[in-house]
Amino acid sequence: MSAIAHREAASGGLWSRMSLGQKQVIWAWGFLAVPLIFYAVIRFWPTFQAFYLSITDWTITRPATFVGLENYKRLFADPLFWQVFRNTFMYLILGTPISLLISFVVAYYLDRVRFMHSFIRALYFLPFLTTAAAMAWVWRWFYQPVPIGVINDILSSFGIPQQPFLRSTSQALPAVLAPAVWAGLGFQIIIFLAGLRAIPVTYYEAARIDGLSEGAILRKITLPLLKPTLVFLVVFSSIGFLRIFDQVYNINTNDPGGPLNSTKPLVLMIYQTAFSSYEMGYAAAQTVVLFLILLVISLVQLRIMRDR
Amino acid sequence: MPRIRPGRIIAWTLLLIGGMIMVTPLLFMLSTSLKDASQVYDLRVIPQSPTFDNYIEILGDGRFTRWFVNSMIVAVIVTVSNVFFDSLVGYTLAKFRFRGRYLVFVAILSTLMIPTEMLVLPWYLMASQFGWLDSYWGIMFPGMMTAFGTFLMKQFFEGVPDDFLEAARIDGLNEFTIWWKIAMPLVTPALSALAIFTFLGNWTAFFWPLIVTTSADLYTLPVGLSSFAVEQSIQWEKIMTGASIATLPTLIIFLILQRYIVRGVMLAGLKG
């Protein structure tokens, strides 16, 4: 502020001779100056640096030297990477459809409810406000064996055998995913509710006059008009599941990503490569792969959903 | 007015039951935090003899208070910075005509495609070179401005009529004052949406604070809780107390500001 005022005073003659348009240009670049430096230094430069680091053998102790595509070759030859790649897509393939289906059904019916509407909405929304690091511990406790674990206690009271959950290589991934789905539902429900409310009431009235059934109204009016909301949520939640980390890290701290790497997602592999093994160059190559996966998945989803 | 049909009552009941299931983990967390070690295995939701001993013990040792303050400082400063800069840039891109405007907009928007995880290693390198590891600034600097917030604010400033700004210009106000005094008050719903999102995002952030802090004095609440829980191993009532301390503030704020928060999420989701 005061810098601009000073400049104005110092070059008073020049400033007052400028047209309104010229002054506007100066104001605009003045407003953008600090943010542009920020974006250049904190976003663009690190982006290029990440690509560069991915073709070096940088570790904490050794300065970076150029190694070409060595890191990528090593990664694609690493069976752990393919396991992690599969896990990451399992989070996506299970998480996105399940969470969107539940949240749409809840939003669809909640939209028609007037009695205690905001109370019920609050119940669904509260988990969204929690910290994943805290909730992973609550769920970890739920999954314990009898007598501590709540879920196994309930199962045993119905005579259902104990489930190993986090200790089993086949059950652990869904068990880790559940809190992530749970915590995200509230956000998706609110967005669906906003989308549903944006559909003009007249469309529904016209459809009812034409004698369309509820199912037909849902298929022919609600879902097509909800498409922009749906596209947003599919892309947004897919990116979230592909980047899952907090829940996985906290639900099994003795062996993050275990048992036997069965729950390890790509971001956890990146974290461990960089900050447990200190192989920064190799980790950078993994982040580039993550970037490409996110980019391809988002573009494919946008393409498919736009065409339909 | 629609008649009350049995279908509606069933739907309402199912919705309520689903909602109850949604908050069950939170209820168990709270109830266990009010039990002493001997009652933990008793899975009644209402504790038999509720006690605040866990809270007194955990808050008394000072670390949680410290982490709480750290999280608060970080989240508040980052939120203020985003509300200021994101709306300043959004306003400039929405309301000024100058060469390069579109280029600046596309450049900022393009950073949305870059996942944080990819920037974390260069940030870490930057932080260690400049001595920012284990400092508030080190935790905060990557999030001081966001492309999402800028885009959101640009959308909203585009809805502000130019006549208002022209009138202020004729009155001789400078451009900064026009933005701050005239345009900003017209987009308060968007500002509160941005503030809520930024605060919540930083309050619950885990990945970057975990990387950039090594001394327990600088931990944010989620990172501190994680290390605390590892140390307590199976003392579940202590862990649940810590989890409650990390969770309760946002829940209480939500219960007070529910209307604004829900509207804010809707606004951000629809325009974003």
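Modeller: One definition is needed at the outset: a residue is buried if 20 or more other C-beta atoms lie within 10 Å of its own, exposed if 12 or fewer, and partly exposed in between. Please also bear in mind that this is a predicted model.

Biologist: Is F165(A) buried or exposed?

Modeller: F165(A) sits in the loop between α8 (150–157) and α9 of chain A. Its phi is near 45°, a positive value in a residue other than glycine. The cut-off for burial is 20 C-beta atoms within 10 Å. F165(A) has 22 C-beta neighbours inside 10 Å, and therefore counts as buried.

Biologist: How far apart in space are I98(A) and Y278(A), C-alpha to C-alpha?

Modeller: I98(A) belongs to helix α5 of chain A and is partly exposed, with 15 other C-beta atoms within 10 Å. In sequence, I98(A) and Y278(A) are 180 residues apart. In space, their C-alpha atoms are separated by 36 Å.

Biologist: Which residues does the cis peptide bond join?

Modeller: The bond has an omega of about -5°. Its proline is found in the loop between α13 (246–251) and α14 (266–275) of chain A. The two residues joined are G258(A) and P259(A).

Biologist: What is the radius of gyration of chain A, and how does that value stand against the globule rule?

Modeller: Chain A contains 15 helices and 0 strands. For its 308 residues the globule rule gives 19 Å, and the value for chain A is well over this, so chain A is more spread out than a compact globule. Its C-alpha atoms fill a box of roughly 90 × 70 × 40 Å along the principal axes. The radius of gyration of chain A is 26 Å.

Biologist: What distance separates the centres of the two domains of chain A?

Modeller: The domain assignment gives domain 1 (2–53) and domain 2 (75–307) in chain A. Taken over C-alpha atoms, the distance between their centres is 41 Å.

Biologist: How many residues does domain 2 of chain B give to the contact with domain 1 of chain B?

Modeller: Chain B is divided into domain 1 (1–51) and domain 2 (61–271), and their C-alpha centres lie 32 Å apart. Domain 1 of chain B supplies 8 residues to the contact; by class, these are 4 nonpolar, 2 polar and 2 charged. The number from domain 2 of chain B is 7.

Biologist: Which helix gives the most to the side of chain A that touches chain B?

Modeller: In this interface, 68 residues of chain A are in contact with 66 residues of chain B. The chain A side divides into 55 nonpolar, 9 polar and 4 charged residues. The element that gives the most, with 16 residues, is helix α3 (residues 20–53) of chain A.

Biologist: In which helix of chain A is confidence lowest?

Modeller: Chain A averages a pLDDT of 89, and 95% of the residues score at least 70. Confidence in chain A is highest in helix α5 (residues 79–110), at 96. Where pLDDT is low, the predicted coordinates should not be read in detail. The lowest mean in chain A, 52, belongs to helix α1 (residues 2–10).

Biologist: What ipTM does the predictor give the complex?

Modeller: Chain B averages a pLDDT of 90, with 97% of the residues at 70 or above. For the complex, the predictor gives a pTM of 0.90. The ipTM is 0.90.

Methods: Residues numbered from 1 in each chain as written. Chains lettered and ligands numbered in written order. Predicted model: local features only at pLDDT ≥ 70, side-chain atom pairs only at ≥ 80, totals over all residues. Domains from an automatic or database assignment. Contact = placed C-beta atoms within 7 Å. Helix = DSSP H or I, 4+ residues; strand = E, 2+ residues; numbered from the N terminus. Nonpolar A, V, L, I, M, F, W, Y, C, P; charged D, E, K, R; others polar. Rg over C-alpha atoms; globule rule 2.2 N^0.38 Å. pLDDT = per-residue confidence, 0-100.
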